[in-house]
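Dear colleague,

I am passing on a structure that you have not worked with before, and a short account of what was found follows it. Please read the account with the model open beside you.

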There are 2 protein chains.
Amino acid sequence: MPKLIDHDRRQQDIAEALWRVIQRDGIGAVSVRDVAAEAGISSGSLRHVFASKAELLAYSMRLVATRVRERAQAHASIADPWQRALAVLDEVLPLDDRRRCEMEVNLALVAESPAHPLLKDIALDAQRQLRGACAAILTGLARHGLVAPDLDVDAEAMRLHALVDGAAMHVLLGDTDTPDTAHRMIAEHLRTLA
Amino acid sequence: MPKLIDHDRRQQDIAEALWRVIQRDGIGAVSVRDVAAEAGISSGSLRHVFASKAELLAYSMRLVATRVRERAQAHASIADPWQRALAVLDEVLPLDDRRRCEMEVNLALVAESPAHPLLKDIALDAQRQLRGACAAILTGLARHGLVAPDLDVDAEAMRLHALVDGAAMHVLLGDTDTPDTAHRMIAEHLRTLA
DNA sequence: CTGATGCTAACACGACCGTGTTAGCATGGC
DNA sequence: GCCATGCTAACACGGTCGTGTTAGCATCAG
């Protein structure tokens, strides 16, 4: 067993190279050759890790969801329920370069997903997880009396979810909304639920 | 001057063919040949109307915004301010096949826009227009006393805008949110502003 | 040291890309 | 009826695509 290569590490390196290509050239211009060059390897080596372009795209989309979920779960240790809620929601806003990259890639792959069944499933899964997280945040706040006790959690989770995703998209695209205004808007929204 | 061909009509026919290709194959698989075949013409003919692929994409993106704007403006005749507000906002939700198509195309082109300066400008323009429409809706409702008179219009326009775009995206992608629940959520949101 | 192993890279292949160019053809004005 | 006009379609070009295939090479077990 020669050449000790961490397979997971390699997969992630290539996926991150794909992210950069998507950011630079757009999803429509992605080719495995470009991704391999961006990752500093040959396209033949890339194909030993991802047998097809579809696999590469699918893994890269899953990696975004995994990264975000892991960081969100890491905030479970925050004691203050209010700060914890905001910290989790902040993970899906493009507040810094890392999160902006993740959100841009996610948006590009989501936009491409209607035509790719594999991507569609992954996108749906991520959507359901974020919806669940929104609901969990609201029940958590309700338990501490920080929002109205008779809150319709399902309906408000849907609203919070739409608000967060919409705000994220507007920050990504526009010049009117900034990371700061988006963060404040989310916080203010939660405050109105009290 | 032989061959009387309505240039505008032809441009729109081709753009709508592009929409169908984007819906069927995704933005990443779009080629001028496919679009020409979908429109029932040769790629040579297409190039007489759109000199380049970039022009085709740009026009098609603008056409989405134009269609939505025209329909929204047509609702200006609705007397009841509440019904008028909901009718305008409904135009950016994928409530039927036509609107779903427009929203899918718009999402695909927005996702591609970071890498294409021309598309980016068009997307930005559309975003600003929708933001303005949200603000106009809120001031209109405030004038009739249907929302709180001391409403922070700019902040609430930002929230409404994010909510509408986020809900539209979730209906497009997911199976949890439907056109009906999205419409009701928007209406309920406006009600909370009273 | 040696051989087996699995990563690497280079090339091949057919297909398709965006973009030109050009010949032809159907149609309107005179 | 005939010519000019502008839409149409077909082909060419260089490039790049996704995907195989294969030879080589660096590495670790024994």
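Which pattern does chain A follow when it is read along the sequence? Chain A follows α-α-α-α-α-α-α-α-α, and its secondary structure comes to nine helices and zero strands, where helices (H or I, at least four residues) and strands (E, at least two) are DSSP runs numbered from the N terminus.

Please keep in mind that this is a predicted model, in which local features need pLDDT of at least 70 and side-chain atom pairs count only at pLDDT 80 or more, while totals for chains, interfaces and linings use all residues. Residues are numbered from 1 along each chain as its sequence is written, and chains are lettered from A and ligands numbered from 1 in the order in which they are written.

The C-alpha atoms of chain A fill a box of roughly 60 × 40 × 30 Å along the principal axes. Of its 194 residues, 42% count as buried, that is, with 20 or more other C-beta atoms, placed from the backbone, within 10 Å of their own.

Turning to the pair of chains, a rotation of 180° with 0.0 Å of shift along its axis superposes chain B on chain A with an RMSD of 0.0 Å, by least squares on the C-alpha atoms of residues with pLDDT of at least 70 in both. The two copies are thus related as by a two-fold rotation axis. The same surface serves both copies, since 100% of the contact residues of chain B recur in chain A, a contact being two residues whose C-beta atoms, placed from the backbone, lie within 7 Å.

In all, 40 residues of chain B are in contact with 40 residues of chain A. On the side of chain B that touches chain A, at least two residues each come from α1 (7–25), α6 (97–112), α7 (117–143), α8 (153–173) and α9 (179–192), and α8(B) gives the largest share, twelve residues.

That helix, α8(B), has 21 residues, of which 18 are buried, so it is largely enclosed by the rest of the structure.

Leaving aside residues up to four places away in sequence, B:Leu18 touches B:Val30, B:Val35, B:Leu56 and B:Ser60.

With best wishes

Technical notes: A residue is buried if 20 or more other C-beta atoms lie within 10 Å of its own, exposed if 12 or fewer, and partly exposed in between; C-beta atoms are placed from the backbone.
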